[in-house]
Amino acid sequence: MLVSNIGYPRMGRERTLKKLLEGYWGRVLDEEGLLAGAARLEEAHWRQQVRLGVELVPVGDLSLYDHVLDTAVMFGLVPERFEKAGDGLSLYFAMARGGPNAPACAMRKWFNTNYHYIAPEWERKPVLVKNLPLQAYLRAKDTLNGNAKPVLLGPFTLIKLSKNAPEWRRALYELSPLYAQVLRELDAAGATWVQVDEPSLILDVTEEEAKALAAAYRKITEGLRGLKIMLQTYFGGLSQYARLMALPVDGLGLDFVHGYPENIANLERHGFPPDKWLGLGIVDGRNIWRTNLRQKLDLLHKVFPYVPATRIWLQPSCSLLHLPVSAADESHLPSALRQGIAFADERLTELRALARAVKEGETVVAAELAAADQAQRALAELSGRVVPAVRMRVSALKETDFQRTAPYAERRKLQSRRLALPLFPTTTIGSFPQTPEVRAARARRRRGEVSKEQYDAFIRGQIAEWVRIQEQLGLDVLVHGEFERNDMVEYFATRLQGFAVTSNAWVQSYGSRCVKPPILFGDVYRDTPLTLAEALYAQSLTPQPVKGILTGPVTMLNWSFVREDLESDQIAYQVALAIRDEIVDLEKAGLAIIQVDEPALREGLPLRTEERAPYLSWAVSAFRLATGGACPETQIHTHMCYVEFGDILEAIEAMDADVISIETARRGGFLEVFKRSAYHRDIGLGVYDVHSPRVPEVEDMERVIRQALDVFRPEQLWVNPDCGLKTRQQKEVAAALKRMVKAARRLRTEY
Ligand code: GLN
Ligand code: ZN
């Protein structure tokens with residue numbers, strides 16, 4: 001029984017890769033420096049994994065931006081528009097981040113994770129440009145000897161994740177000989193195993209696809225002498241197991257964490273091919289809770305009747321890309337919490353303990369088992385884990401708590417009387433530029449170099465300045481600017497009970513961008529207002545309405561590491577109640593508009609169709625609970641971004657917000673979706689793309705509004721940028737908003 005890893009966090013414990021990349025992009029590091037730095041990091045990661053007991057070490061997983069982009073470039077899937085982008089790294093980064101006159105390739109969410117990949121575009125027939133797994137294998141050979149396991153994204157998933165790929169049978173036909181060549185070269189170089197990732201196999205695979213896959217894999221693996229293929233799946237169980245287990249490969253990697261109990265049922269129903277190895281994903285590659293080792297030993301004993309230990313690799317459930325590197329950096333956490341979590345390195349240690357328990361007997365790892373038991377108990381008893389008052393409040397919830405006291409139509413009348421806004425009211429999504437000055441002030445406060453009073457005064461200064469700017473620009477609904485927030489989730493997590501904030505638990509989101517999800521470990525409640533002071537101060541400076549901005553319960557959950565001892569709906573309701581209390585406070589303080597952001601609502605949607613309805617049900621209920629306490633005269637907005645709305649429009653309607661603002665206003669297809677649904681509520685159109693530094697023309701924004709007027713009535717439309725402005729420069733923002741106001745005013749004269 002071997003210990004194998006599927007992928008290791010790329011950034012490094014000190015976020016070295018981020019620094020290298022940003023150094024290179026900022027031209028303080030040349031290509032050689034970047035590549036040398038990345039090679040050192042890669043080697044350090046190999047050595048670390050060996051040290052932790054990994055016997056099959058993934059190589060080629062340390063991508064400089066994204067492994068899907070790597071695969072596209074490897075097969076020459078480079079769109080025409082990058083013709084002038086050069087080659088090598090400059091072409092690679094142009095595809096990822098945009099190049100001269102060439103917008104970047106689309107970025108999409110990697111399955112249901114928070115990682116984003118670059119979608120390949122098929123404008124031409126693929127060719128093998130360079131054999132990346134081979135290069136990685138050759139780099140690793142000396143360090144790892146026989147333990148190097150090159151990894152490669154499989155053809156089925158590559159096609160599924162691509163934009164405008166040809167008809168899939170043809171695409172598979174075109175790719176097969178190229179994959180065959182990649183593997184033949186690896187074989188010739190002496191590699192023993194290659195991991196071919198096919199996570200798309202956990203989605204619905206038709207019979208026809210399964211057949212074509214079998215043919216493709218036969219072609220791909222033809223004539224290999226020593227090289228074996230581990231076909232790796234993750235993020236769920238296989239619904240087509242019976243078909244897929246017959247594929248002509250040497251090993252099948254299955255997820256027994258997110259695919260539990262489905263994959264156990266698969267074994268029980270169909271057995272396991274005696275000539276194959278099982279990559280057994282047994283510890284969680286997605287969440288951070290320490291593994292209950294005894295439970296996992298029981299799981300192993302359920303597997304053994306079908307697969308002998310000698311044919312099993314113990315693995316994480318997926319690549320450890322989705323976990324921070326080491327929990328050793330989190331010593332500031334309460335000790336029971338610190339002992340109760342496991343990041344990437346601790347996961348690998350757990351795998352080794354499990355392997356030893358099987359091979360050498362449980363007594364050999366008695367200490368590890370006892371420590372895991374003890375940690376489990378300590379976590380359960382951790383103060384704050386169960387707060388009776390919170391549990392009671394949730395269990396006493398009634399139907400009416402999830403409802404506003406008046407129906408939408410009635411609220412709309414009351415609110416428009418109260419607010420008396422013009423047609424096409426203008427507003428923003430919440431944040432204004434987080435300038436170096438703002439960041440520096442926050443850092444000084446964190447280091448204790450300035451007092452709370454000094455820091456608060458600084459924030460008030462920023463708010464006052466931007467209230468004045470917004471008034472001058474002529475915006476109709478103002479915001480305070482979110483200067484006090486480092487991040488829309490972490491800020492609230494810091495103020496709510498039941499959350500812990502980590503110091504170094506960074507996880508790659510895309511490219512060099514990392515996020516630091518808080519840990520939701522206990523019962524959540526609010527014991528002090530969250531944003532009241534800032535909102536109130538802003539409102540005190542102006543007669544115009546200031547919109548309060550809160551982060552919604554679903555986003556708080558989806559962007560945190562969440563406890564697993566309580567159902568998601570219960571956790572979400574706890575968070576919702578805290579937000580609800582804040583809304584009541586904001587209302588009392590005189591705010592007439594409150595926006596509850598739910599940018600992560602759509603991305604939490606489960607991969608499998610049958611799990612979607614239950615998710616949407618609690619997600620929508622949580623939002624309704626958070627906002628249900630607002631009086632009819634208070635206008636509730638919500639904001640969402642990166643969203644394909646088609647499949648959740650019903651849920652959006654069910655959230656019962658008075659106004660929604662969405663990011664995809666600039667995407668084609670968006671209006672069609674709304675046209676079909678006859679959506680009747682107010683909608684904030686994202687009239688320009690905040691992610692681009694380009695200042696849009698008045699006409700551009702006017703066009704967006706006019707197009708929307710084909711679908712919506714003028715009274716329904718709000719005018720705003722498509723997301724928060726925190727990453728932009730002050731000058732750009734003022735210029736763009738000035739034009740935005742002008743566009744709205746022009747249209748007002750016509751309606
Ligand atoms: N209110 C947040 C902001 O403006 C919303 C961010 C988001 O949608 N991701 O920054
Ligand atoms: Zn947004």
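Is E663 buried or exposed in this model, and how many other C-beta atoms lie within 10 Å? E663 is buried, because 21 other C-beta atoms lie within 10 Å; a residue counts as buried if 20 or more other C-beta atoms lie within 10 Å of its own, as exposed if 12 or fewer do, and as partly exposed in between, with the C-beta atoms placed from the backbone.

This is a predicted model, in which local features need pLDDT of at least 70 and side-chain atom pairs count only at pLDDT 80 or more, while totals for chains, interfaces and linings use all residues. Residues are numbered from 1 along each chain as its sequence is written, and chains are lettered from A and ligands numbered from 1 in the order in which they are written.

**The chain as a whole**

The chain holds 27 helices and 21 strands, where helices (H or I, at least four residues) and strands (E, at least two) are DSSP runs numbered from the N terminus. Its radius of gyration is 27 Å, which agrees with the value near 27 Å for a compact globule of 751 residues; this radius is taken over C-alpha atoms, and the globule rule is 2.2 Å times the number of residues to the power 0.38. Of the 751 residues, 49% are buried.

One open sheet has 8 strands with parallel pairing, in the order 1-10-9-8-7-6-5-2. Strand 1 (2-3) and strand 2 (57-59) stand at the edges with a single partner strand each, so one side of each has no neighbour in the sheet. Within this sheet, strand 5 (residues 148-153) and strand 6 (residues 193-197) run parallel and are joined by 3 bridges, and two strands are said to pair if DSSP finds at least two bridges between them.

**Annotated positions and the ligand**

The unreviewed UniProt entry gives a "binding site" at H639, C641, E663 and C723, although such annotations may be inferred rather than shown by experiment. These residues are spread over 85 residues of sequence, yet their largest C-alpha distance is 8.2 Å. The same feature name is placed by UniProt (unreviewed entry) at I429, G430, S431, E482 and D597. These positions span 169 residues in sequence, but no two of their C-alpha atoms are more than 12.8 Å apart, so they gather at one spot.

| Residue | C-beta atoms within 10 Å | Class |
|---|---|---|
| C723 | 24 other C-beta atoms | buried |
| I429 | 26 C-beta neighbours | buried |
| G430 | 26 C-beta neighbours | buried |

C723 lies in the loop between strand 21 (717-720) and helix 27 (730-748), whereas I429 lies in the loop between helix 16 (408-419) and helix 17 (436-446). Leaving aside residues up to four places away in sequence, C723 touches I429, C641, E663, G686 and V690, where contact means that two C-beta atoms, placed from the backbone, lie within 7 Å. G430, counted in the same way, touches V479, E482, I549, Q595 and G724.

Around ligand 1 there are 13 residues, and the closest are I429, G430, S431, P599 and G724; a residue is near a molecule if its C-beta atom, placed from the backbone, lies within 6 Å of it. This shell divides into 6 nonpolar, 4 polar and 3 charged residues, with Ala, Val, Leu, Ile, Met, Phe, Trp, Tyr, Cys and Pro counted as nonpolar, Asp, Glu, Lys and Arg as charged, and the others, Gly among them, as polar.
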